[in-house]
Amino acid sequence: MLNEFLAADIIVIGAPMYNFTLPSQLKAWIDRIVVAGKTFKYGAQGAEGLAGNKRVIVAISRGGFYSAGTPAAAGEHLETYLRWVFGFIGVTNLEFISADGIQVGPEHREKALANALQAATDLHAA
């Protein structure tokens, strides 16, 4: 997995929010790509990411509303974690497509999914 990650220019991840954080399968994958000496190193100035020059596109879904300014914002540990961990390994070209509130009701679910699909369609080619 690490070699595939290092060889890729573009990474696409699907990440539903499970119990306020990422699925265990995604966490296991991250544990395999965050490797000292390969995707980051420690130096006199602290940690330095070595996996830059990649485009990472993350499609996330959340049952409720967790964006900044919402009452549940403090419980969001999916997008915030992914932003942090990819930044830690040096990835700065990180794009998120979100479908929020998909458990609020059928009408909102359809709207959220349509908006996310449109955002994916609007992505620019590398």
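Let's start with E76, which counts as buried because its relative accessibility is 5% (buried means under 20% relative accessible area, exposed over 50%, partly exposed in between, with a 1.4 Å probe and protein chains only). The model is predicted, so local features need pLDDT of at least 70 and side-chain atom pairs pLDDT 80 or more, while totals for chains, interfaces and linings use all residues. Residues are numbered from 1 along each chain as its sequence is written, and side-chain values use heavy atoms, leaving out hydrogens and water.

Where does E76 sit? You will find E76 in the loop between strand 4 (55-62) and helix 3 (79-88); helices (H or I, at least four residues) and strands (E, at least two) are DSSP runs, numbered from the N terminus.

Now look at its partners. Side chains of opposite charge can pair when their charged atoms come close. E76 and R62 form a salt bridge at 3.1 Å, N to O (a side-chain nitrogen of Lys or Arg within 4 Å of a carboxyl oxygen of Asp or Glu). This pair links distant parts of the chain, with R62 in strand 4, 14 residues from E76.

R62 is itself buried, with a relative accessible area of 4%. R62 also forms a salt bridge with D100, whose closest N and O atoms are 2.6 Å apart. R62 lies in strand 4 and D100 in strand 5 (residues 93-100), so the pair ties together parts 38 residues apart in sequence. D100 is buried too, at 18%. Step back, and R62, E76, E79, R83 and D100 are linked in a network of salt bridges.
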